[in-house]
Amino acid sequence: MHAHEASRDLSRAQMEHSAKTPLAKGRVRGVGLSLRSKHYRSILESGADVPWFEILADNYAFGEGPPLHFLERIRERYPVVFHSVGMSLASTDPLNFEYLQKMKQLIERFQPEWVSDHLAWTSIDGRYFNELLPPPFTEESLNNIVSNIERVQDFLGQRILVENASAYLAFCSSTLSETQFIAEVVRRADCDLLLDVNNVYVNSQNFGFDPVIYLEAIPHSRVRQMHLAGYTDYGTYLLDSHGARVSEAVWALYEKAVALMPGVATCIEWDNEIPEFEVLFAEMARAQACWNRGESRVA
Amino acid sequence: MLHDLLAQMGEAFAKTPHASSTQNRVDEIALQKLLPLPRLSAEESLRVYQRNLEGSLLKALREIFPVCAALVGEDCFRTIARQYGEAHPSLHPDLGRRGDAFPSFVQMLDFLSSVPYLPDMARLELAWHQAFTAANLPPLTEEAAKNLATIVAQYPAFWRFILPPSAKCIISPYPILQIWRAHQRDESGEIHLERDQHKIESDLQSIHFDEKPDRLLVWRRELALRIDRVEPQFWPLLTAIESGKSIAELLELGSETKNTLQEEMEDAEASDFEPLLNWFREFFARGWLAGCSEIAR
Ligand SMILES: [Fe+2]
């Protein structure tokens with residue numbers, strides 16, 4: 001507002017939150033869904049039987065109003081995890097602490113079971129691209145991202161999860177494979193992993209590697225969450241579009257993943273051309289059946 | 001150096017796909033850093049990112065300005081979005097702020113002179129978008145208003161009213177509210193994009209352009225977004241509150257406004273014009289007043 005403004009504010013009493021959001025007690029387990037504003041009402045009205053939701057924290061960090069109202073109602077009923085896209089961990093820019101502070105406030109308010117972002121950069125020289133861009137797999141890039149993850153973890157006071165991103169290019173300068181890079185990030189930064197099974201498949205097709213060997217190569221004990229999503233086939237490459245059902249090839253890969261890493265919480269991401277809630281729910285049920293098979297094998 | 005590599009790639013990604021030869025230098029530098037993939041040349045890799053970035057900006061703008069997008073059509077909106085993206089790179093991680101400079105940007109584009117109401121429509125849509133996530137500050141309660149009146153009346157020069165944080169006054173010589181409404185599905189505020197160009201044209205033909213200017217207040221009451229029409233006699237006062245004028249200044253303005261309006265208004269409304277005190281009651285009743293704040297001395 002205005003610089004000459006108010007030392008005293010008669011409306012302040014009304015602005016303060018009357019009470020803290022009551023939080024659902026359950027833990028994040030099994031297969032959940034990524035929450036979309038389009039589904040707020042159907043979830044709340046039907047009391048949808050979803051074990052937990054993943055929240056795209058960036059959509060709630062910068063304002064109030066209906067989004068926060070609905071997030072409060074959701075959080076009263078369901079456990080949640082936070083996912084974010086703005087940390088720009090692989091960038092050489094200084095971390096954006098204004099952004100991280102907003103995240104921290106949101107974390108304190110909604111108490112997600114964990115927080116994740118990506119092995120990617122979204123900004124450089126202060127310019128934001130609002131797109132997850134791949135880093136080169138080099139020693140310098142590794143040191144850079146490790147130091148950023150460490151500082152984010154220090155600031156948030158918790159270990160974070162980092163997600164393997166999809167990519168459509170290869171840097172000449174890369175000296176490590178993607179899985180070597182990931183394993184080193186996790187080891188040096190002491191962080192956890194969010195394994196996006198669709199991204200593994202998309203990259204395996206775009207780069208020509210065996211996705212099962214990829215799954216075998218990553219540090220299994222660090223994988224705390226998985227993502228499933230749909231891609232779009234553009235003929236010469238697959239695009240991680242999050243705008244379709246999970247493909248049969250990715251379902252098959254997910255079976256392999258749950259066999260190698262049983263019991264890892266998984267969610268379906270769908271944020272373009274978002275369908276009716278029932279469609280998402282059916283995808284969730286299918287994933288839950290896979291997840292159960294992984295669990296029963298262990299038992 | 002990692003920084004240089006990312007900066008060069010960022011610059012190349014942000015270019016329009018298949019841009020003219022003047023931009024090839026940027027592409028060339030980026031291409032030197034890339035290897036081909038099994039089914040994708042380095043150049044095609046670069047295009048994928050250029051298209052993705054363009055697509056995400058277009059999507060963000062279309063979500064904030066659906067009516068503007070419908071009014072100018074897909075191709076034109078894409079052209080505007082490209083130029084906007086180049087002129088106004090995003091400097092904030094919040095995608096919700098991506099359209100903040102869009103209304104003033106479209107105002108400067110000569111090729112849009114055939115849709116002169118577009119900048120005002122963009123302002124209306126931006127205000128609507130911003131009101132959605134604005135801070136919560138409920139309208140004054142009756143009791144709070146009474147307490148407030150006694151304090152404020154003693155020192156009117158040191159106090160000012162505050163509107164809800166979501167509130168934005170918008171004036172246009174065009175019937176933007178009517179055009180905007182023609183593009184909504186229902187009163188709940190859910191946007192419905194009319195993809196059928198003929199439908200839009202026929203809607204526009206039914207709109208009367210000889211109406212008086214639109215004076216609008218976009219704001220949010222609790223969870224409900226609203227656009228209120230503001231009567232001409234209230235406009236100077238409401239915009240003065242919005243710009244942070246003290247209550248003493250409002251009182252002065254109020255008496256001036258009253259005189260001018262009485263001269264100008266030839267119909268029965270003139271005689272209905274109520275004394276100044278009434279506007280406070282009226283604004284309060286409509287929920288337009290969220291409080292008062294002290295002006296630093
Ligand atoms: Fe993902």
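Reply: Across the interface of chain B and chain A, 13 residue pairs are in polar contact, both residues at pLDDT 80 or more; a polar contact is a pair of N or O atoms within 3.5 Å, where within protein one must be able to donate a hydrogen and the other to accept it, and residues adjacent in sequence count only if both atoms are side-chain atoms. On the side of chain B that touches chain A, the elements giving two or more residues are helices H1 (2-13), H3 (42-64), H7 (118-133) and H8 (142-154) and strands E1 (34-35), E2 (159-162) and E6 (291-294) of chain B. Helices (H or I, at least four residues) and strands (E, at least two) are DSSP runs, numbered from the N terminus.

This is a predicted model, in which local features need pLDDT of at least 70 and side-chain atom pairs count only at pLDDT 80 or more, while totals for chains, interfaces and linings use all residues. Residues are numbered from 1 along each chain as its sequence is written, chains are lettered from A and ligands numbered from 1 in the order in which they are written, and side-chain values use heavy atoms, with hydrogens and water left out.

In total, 64 residues of chain B are in contact (heavy atoms within 4.5 Å) with 58 residues of chain A. Strand E1(B) also runs antiparallel to strand E8 (residues 170-171) of chain A, joined by 2 bridges; strands pair if DSSP finds at least two bridges between them. There, Leu35(B) stands opposite Ala170(A).
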